[in-house]
Amino acid sequence: MKKIIVLSGKPNSGKSRTLRELAPKIFGIEIYKPKVKVDLAISFKYKGKTIAIISIGDTLPQIRRYFDEVKGKFDILICACRHTGVTYDFYKRLHGIDGYEVEFISKNNPTDEERERITSEIREKISKLFSQ
């Protein structure tokens, strides 16, 4: 089963920033981070599995474009979307289809504490997936 972990939240709640910080914090992969605010779309091998991280999640066309790029090429996808609406529904509908297991994590505000909570929660989920 392919695991999709979706970080959902309101606009400007820090979803993209949280996902940009995951690669170095959880996987030990350094990413060039310009000082401007940018989204992230990467995939890499980690302990024999392909991980994809996509922070782009504001509009359905963006989500579909990047999802189509990685579809069938990942074991674990960590991504972002709005907390309601068509972007949320896109991932919700994937659950149980084509072997996808989708799990949502809510991101409510852009604080450092909230980012650390989310990072810890995702780290725990990733650890469980690798221990199965």
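Not counting residues up to four places away in sequence, isoleucine 51 touches Phe27, Ile42, Ser43, Phe44, Tyr46, Ile76, Ile78 and Phe130, where contact means heavy atoms within 4.5 Å. The model is predicted: local features need pLDDT of at least 70, side-chain atom pairs count only at pLDDT 80 or more, and totals for chains, interfaces and linings use all residues. Residues are numbered from 1 along each chain as its sequence is written, and side-chain values use heavy atoms, with hydrogens and water left out.

Isoleucine 51 belongs to strand β3; strands (E, at least two residues) and helices (H or I, at least four) are DSSP runs, numbered from the N terminus. The residue is buried, with a relative accessible area of 0%; buried means under 20% relative accessible area, exposed over 50% and partly exposed in between (1.4 Å probe, protein chains only). Aspartate 75 lies 24 residues from isoleucine 51 in sequence, yet the two are 6.1 Å apart in space, C-alpha to C-alpha.

A nonpolar core is a set of buried Ala, Val, Leu, Ile, Met, Phe, Trp, Tyr and Cys residues joined through side-chain atoms within 4.5 Å. The largest such core comprises 21 residues, and Phe27, Ile51, Ile53, Ile78 and Ile122 have the most contacts inside it. Two or more residues of this core come from each of β1 (2-9), α1 (15-27), β2 (41-46), β3 (49-54), β4 (76-82) and α4 (112-131). The greatest contribution is that of α1, with five residues. Apart from this core lies another, of 18 residues, including Ile56, Phe67, Tyr100 and Val102. In soluble globular proteins, nonpolar side chains tend to be buried together.

Helix α3 spans residues 86-94, and its residues Thr87, Phe90, Tyr91 and Leu94 are buried. These four lie on the same side of α3 because they cover an arc of only 85° around the axis, the arc being that of the directions from the helix axis to the C-beta atoms. An α-helix has 3.6 residues a turn, so residues three or four places apart point the same way. Val86, Lys92 and Arg93, on the other side of α3, are exposed. The packing partners of the buried α3 residues are β1, α2 (60-70), β4 and β5 (100-107). Just after α3, glycine 96 adopts a positive phi of about 85°.
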